[in-house]
Amino acid sequence: MAIIRKQQVEVEGRWHEEEVIVEQDDLSPWADKRPMTNVGRGRPRTDADARVTGTAKYTYDVALPGMLWAGILHSPHPHARVKSIDTTRAAALPGVRCILTHDDTPLLTDVARFHGEEIAAVAAESEAILADALDLLSVEYEKLPFVVDPVAALAEGAVQIHPENDRGGNRAAPPTEYCRGDVERGFSEADVVVEARYRTSAAVHNSLEPHGSVAMWENDLLTVWDTTQHIFGIRAELAEKLSIPLNKVRVISQYMGGGFGAKNDLSKATALAAIMARNTRRPVKLMLTREQENLSSGHRPPAVVDVELGARKDGTLTAIRARSITTSGAYGNYGFSVCGPMQDLYRCENVQTVQENVFINTGPSCAFRAPGFSEGAFALESAMDELADTLGMDPLELRLANYAESNQVRQMPYSAKHLRESYRSGADAIGWHERSNGSEGRLRRGIGMASQIWGGGGAPPSYATMRVNADGTFDLATGTQDLGTGTKTVMTQVAAEELGVAEEKIRITIGDTLACPYSLLSAGSLTVPSVSPAVRNAASEVKRQLLDLAAAMLDSDAAQLDIRNGEVVACPGGERKLTVDEVAAKAGNYMIIGKGARGPNPTDSSVNTFGVQFAEVEVDIGTGEVRVLRVVAAHEFGRVLNPLTL
């Protein structure tokens, strides 16, 4: 039954309340001691053969009859006004079919605000003709002053990237402030205070597969093959920008060569391909080059983080104060929660954070593996190490002394937290308590550690459907996407576990807005906790119908039957009665179809993930060269993950 509910939703480390329509999830969790046949067991990926043999079709592999090749001309300047664009020579080149500038679409600009901003786009009969046409475009620029440092962008007299901005200087949004307790009192009670500024640099994703799309119109229907982490999001954004109904847009992403957050949203390349395909009535392929990918497709933004910690002699934190300055690049206003770890990772009554998000003359910032929290954790954990050194205290003992048992921001318990076990198992694995940092000589060795906190609890809505074929095979569909993380395999395992059949019996379809029901974007560690419950519910509904039919065939009670290893058996004895194949054959072309939905999140607990990393490194103090010798990571259940000796 569908219900309307207000709930707290966490995406990429930021919480917000929204009103959502959700369907109740009545399935109880699999029992901890229940033996698992599929889930939690290693197996080859369901699409491994296609990937390693090269038969998997990525966006770049799509080739359609009459397809044109498209490309983009990017600004070579970080800030410049386009005085003129001469397209005459390019348009006269045989084989050029479409040229777009800012006069044709607002996706292209006459004021470039970063090196790599899109100035013009061309579609041509071949890649060679396209390259020549782009070279023949003549652009006259007026260079403008620029700023690329987030701190400098806030200084008085800094270059104004958006002069019309009414938020004060280059602020992309008002500062985000958080406070609990009395920070000034907390520092007055401290025996020791440490403060430091930390900087993190920009980082580009550099997935094996760059951004790109193939767009094709059939009358008024648009089909787009896209390298994306959210097929339904791309469908919605394309429909909005092109002013067409949602049911006139189909987005397909069967395989993707990595995303890591850069492919969450609609790229200009995709929209431009769709526009040129509509203008020419020909399919258009537009794939970014590696240089273009690095300039314009998004990156982890740089951050400047000031941290101040106050503590008593025994290590108890009395106050935490932090200020972060990060950037959206030249556009946008979405700032990532750099100060999230400061607010919640350690127990402290007095916390104050301020987060600034500013414009600078660089390409767009975007999500990149725990965006914001990675930068914040680096700063906080570095400051905790400095505090431990000042106190003469073991860094691990300092963290244990300030262990948080509950979510202090949301004022509720965690659904589960096993970070203590992670500390213990990770420390044992690397020999933390036997370490001897600070060896003499040119080569110095040391062992360090750091904690992490993140979201990852998932959220509705996500859906799945499953149908039974007359030969006892199953078709599973869900509108998620696979970044290369094995999503197809995970969902197949979940469905097989719930059904009680072999994984080979299940065929899964993902990455197609026409063939699949809606699922959330694949970001923020959302996919498995959001989609797998929907898959399990769909499989459970199919199982219920199969058992109802089997009960009629056996003149039995469905409640007394179960499916194990592809056989319908009586409970609790387990005596074989029928095979699933026999039940499916009886159903024939009477379609058994199950629908599953992801239910609401709990309202009385916070779902977070935790972990710890230990590393042994060697530093050559003569050259500054650093070698990582060993790495140990332990997740929130205290289990050591793949200790590495390098």
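User: How much space lies in the largest cavity?

Analyst: About 40 Å³ of space lies there. This is a predicted model, in which local features need pLDDT of at least 70, side-chain atom pairs count only at pLDDT 80 or more, and totals for chains, interfaces and linings use all residues. Residues are numbered from 1 along each chain as its sequence is written, and side-chain values use heavy atoms, with hydrogens and water left out.

User: What counts as a cavity?

Analyst: On a 1 Å grid over the protein atoms alone, a cavity is a set of points where a 1.4 Å probe fits but cannot get out. Grid points are joined across faces, edges and corners, and the volume is the space filled by probe spheres set on the points.

User: Which residues line the largest cavity?

Analyst: The lining (residues with an atom within 4 Å of a point) consists of His211, Asp226, Thr227, Ile234, Lys263, Asp265, Leu266, Ser267 and Thr270. By class, two are nonpolar, four polar and three charged. Here Ala, Val, Leu, Ile, Met, Phe, Trp, Tyr, Cys and Pro count as nonpolar, Asp, Glu, Lys and Arg as charged, and the others, Gly among them, as polar.

User: On to helix 3. Which of its residues are buried?

Analyst: In helix 3 (residues 127-136), Leu130, Ala133 and Leu134 are buried, meaning under 20% relative accessible area, with exposed over 50% and partly exposed in between (1.4 Å probe, protein chains only). They lie on the same side of helix 3 because they cover an arc of only 100° around the axis, taken from the directions from the helix axis to the C-beta atoms. Helices (H or I, at least four residues) and strands (E, at least two) are DSSP runs, numbered from the N terminus.

User: And which exposed residues are on the face turned away?

Analyst: That face of helix 3 carries Ala128 and Asp135.

User: What about the open sheet: in what order do its three strands come?

Analyst: The order is 6-4-8, with antiparallel pairing; two strands pair if DSSP finds at least two bridges between them. Strand 6 (111-112) and strand 8 (138-143) are the edge strands. Strand 4 (residues 80-86) pairs with strand 8 over six bridges, and Ala80 stands opposite Lys143 in strand 8.

User: Lastly, where is Arg467?

Analyst: Arg467 is in strand 23 (residues 463-468). Arg467 counts as partly exposed because its relative accessibility is 41%.

Note on methods. 1 Å grid on protein atoms, 1.4 Å probe; cavity = no way out; pocket = protein on both sides within 12 Å on 5 of 7 lines; lining within 4 Å.
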